[in-house]
Amino acid sequence: MPHGQKDFLLERGSKLEKEVVDGVTMKRALTRITYEIIERNKGLDDIVLVGIKTRGIYLAQRIAKRMQQLEDLTIPVGELDITLYRDDIHRKNQEHPTVNGAKIPVPIEGKHVILVDDVLFTGRTVRAALDALLEAGRAKKISLAILVDRGHRELPIRADFVGKNIPTSLREQIKVAVEEIDHRDGIFIQKED
């Protein structure tokens with residue numbers, strides 16, 4: 001069994017949870033994404049990181065912090081709430097939804113925006129993020145950085161930067177824990193009994 005991997009140890013309702021990536025390995029995956037972004041871009045002056053709410057925001061902040069350490073550049077980090085743009089969430093009895101949208105500290109026109117999220121699954125979250133981002137402005141280029149690609153795409157969406165590929169069944173879920181919210185870092189697979 002690899003370092004940090006544990007048997008299904010937590011039972012949450014009718015789900016069993018297994019750690020497949022520990023916090024140290026997760027940090028390495030984010031560092032690898034950071035290096036790939038630096039290597040594929042001749043300059044970082046026009047880069048803007050935009051985290052998809054919720055965990056994508058913290059991952060984007062970590063990538064920006066690592067870029068600061070490596071390149072001595074401050075990369076702007078924005079936040080994107082895609083709730084209203086999703087096509088797979090039905091809002092019953094909600095006449096006036098709250099619009100949260102984008103909080104991006106710089107204009108994105110002429111910039112290379114890198115969307116950051118924790119898990120890529122069907123592609124619907126990313127599609128919604130693209131719709132929300134287009135309302136914020138017209139970027140020169142949009143790329144996608146994902147901590148975990150678990151497969152099972154329903155839309156033709158592919159990540160440009162991937163921390164880990166973790167194949168799953170449709171009966172499994174991937175949960176990414178981040179210190180800022182969950183008081184620990186790690187990637188877990190949840191299975192139903």
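Trainee: Which residue in β6 is the bridge partner of L49?

Mentor: This is a predicted model, in which local features need pLDDT of at least 70 and side-chain atom pairs count only at pLDDT 80 or more, while totals for chains, interfaces and linings use all residues. Residues are numbered from 1 along each chain as its sequence is written, and side-chain values use heavy atoms, with hydrogens and water left out. Strand β3 (residues 47-52) pairs with strand β6 (residues 112-120) in the parallel sense over 5 bridges; strands are DSSP runs of E, at least two residues, helices are runs of H or I, at least four, both numbered from the N terminus, and two strands pair if DSSP finds at least two bridges between them. In β6, the partner of L49 is I114.

Trainee: Which residue in β4 is the bridge partner of V50?

Mentor: Strand β4 (residues 77-80) runs parallel to β3, and 4 bridges join them. The chain crosses from β3 through α2 to β4 in a right-handed β-α-β crossover (with the strands pointing away from the viewer, the path from the first strand over the helix to the second runs clockwise). In β4, the partner of V50 is G78.

Trainee: How many of the 6 residues of β3 are buried?

Mentor: Buried means under 20% relative accessible area, exposed over 50%, and partly exposed in between (1.4 Å probe, protein chains only). I47, L49 and G51 point one way from β3, V48, V50 and I52 the other way, and all are buried. Strand β3 is therefore largely enclosed by the rest of the structure, the count of buried residues being 6 of the 6.

Trainee: What is the closest N and O distance between R62 and E180?

Mentor: The two form a salt bridge, that is, a side-chain nitrogen of Lys or Arg within 4 Å of a carboxyl oxygen of Asp or Glu. R62 lies in helix α2 (residues 55-71) and E180 in helix α4 (residues 179-182), so the pair ties together parts that are 118 residues apart in sequence. E180 is partly exposed at 37% relative accessibility. The closest N and O atoms of R62 and E180 are 2.7 Å apart.
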